[in-house]
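Please read the points below with the structure open beside you, and find each residue as it is named.

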Amino acid sequence: MATRPGAGDQRDEEPGRLYRARPRLFRRNQPLTGPPFLTAPGSDRAAAGYAGGSSGRGQVGSPGSGGRGVSRAAGAAPGGAAAPAGTAAPAGTAAPPAPRSPGRPAPAREPGHDRPAEYGAGAGPRRVRWWWIALPLALLLIGYPLALFAVTWTSLHRVDALPAGGPAATPGTTYLVVGSDSRTDLTPAERRQLHTGQAAGERTDTIMLLHVPSGSGPTVLVSVPRDSYVPIPGHGKNKINAAFAIGGRQLLVQTVEQATGLRVDSYVETGLGGYARLVDGIGGIDVCVKRPLKDAKAHIDVKAGCQTFDGATALGYARARYADPLGDLGRVQRQRQVLAAIASKAFSPAVLLVPWRAFPAASSGGGALTVDSGMSPLGLLSFVQAMRAVAGGGGLSLTVPVARTDLPTPNAGVAVQWNTTEADQLFAALRRDDTNAVRSLVAGQQAAGG
């Protein structure tokens, strides 16, 4: 390739011949004058070709420059060589876009597209930001359960139920769960609807101990027959439900702690009206009845088989005992059955995932419960999870072992007498927090139909 003549060389340049430019020092983005630089193919300053036919020295790409301006119409020959002068681009082919120099501004972008306008209107749609989906999803997964829990927590009733003193703290967490037959929270219409009668005062229809171990053992729910004949602190021996009638919640807690040796950590109570309203709030419960049950005093008449109970029917089914051949023992079995059905339905997707069912159920559930004043949010959550575990079959449920149900007493009529050997075995295991040791007692009661 011939070299380019010097500045003082007056000879004419041959048309169509390429010359190598001498090096020039210039600043970035400084406009160039004179013939273009020829660099390696692919460079942003590579020449697209020359239009020959003139001996003049025109500017780069200037119209009428006389033959060495870059021609976009003609196109470049393969390999980076310039096309012959006067040669047009092949038919049916588009001339390549002009390379962008360092000083050239960025092409304008079309509205709604991520590509420059020079690439055409076929650019794809704008990508969706990941946090547009992640943020609402996180609010739903975290905020929705918290809102339900907040509704429950603010609906609770609180009382001073735990007395000072008592036995030493035992491992795990023990809840005393009580069902009161108080009618004070019922209107006259509700008393007629629920067939509760007009009895005054407060007694306990249900007494249960829910033990949540600190280790990996199963949760244990123990039913205490309300006619159990035990010592009541300061009042001699009597049926255990008399403690509630005599001295209220604190005396009942003291009586249970003295009889079992367990430290009661939290107290949970529900009344007749709250019990029924909770069942109605979750849309009823499904209960499988083993044998027909008709009790005039409880105003209950149900057939054998699986069926759906409303609040009034569930309450009567749990309270009935006179028509049950097992008496109080059959009653505590049905109470555990109804309680498990409530927990199962309340935590089902059919309730939790439907806001217009979940929030009324949370409000009814909280309003149905009375807890000790020291109950914490974590304590309530632990109680709910424990009840759910028992309802789902992940826990153990049994009745305090009984020796006889027709014990004659001097002051309380016929009462229930515990099997002291097995009862001591049960409560000793719970005091050690060894809930796995309770499995043998549960298996024995199940084999006996309990």
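1. In this predicted model, the side chains of Arg432 and Asp434 meet in a salt bridge, with 3.6 Å from N to O. Arg432 is exposed, having a relative accessible area of 51%, whereas Asp434 counts as partly exposed at 29%.

2. Side chains of opposite charge can pair when their charged atoms come close. The count of salt bridges comes to six, and among them is the one between Arg249 and Glu269, at 2.7 Å from N to O. Arg249 lies in helix 3 (residues 241-260) and Glu269 in strand 7 (residues 266-270), so this pair ties together parts that are 20 residues apart in sequence. Arg249 is partly exposed, with a relative accessible area of 22%, while Glu269, at 6%, counts as buried.

3. Arg334 and Asp324 also meet through their side chains in a salt bridge, at 3.1 Å from N to O. Because Arg334 lies in helix 6 (residues 328-346) and Asp324 in the loop between helix 5 and helix 6, the pair ties together parts that are ten residues apart in sequence. Both Arg334 and Asp324 are buried.

4. Leu146, which is found in helix 1 (residues 131-155), is exposed, with a relative accessible area of 55%.

Technical notes: Residues numbered from 1 in each chain as written. Predicted model: local features only at pLDDT ≥ 70, side-chain atom pairs only at ≥ 80, totals over all residues. Heavy atoms only, no water. Helix = DSSP H or I, 4+ residues; strand = E, 2+ residues; numbered from the N terminus. Buried < 20%, exposed > 50% of the residue type's maximum accessible area, 1.4 Å probe, protein only. Salt bridge = Lys/Arg side-chain N within 4 Å of Asp/Glu carboxyl O.
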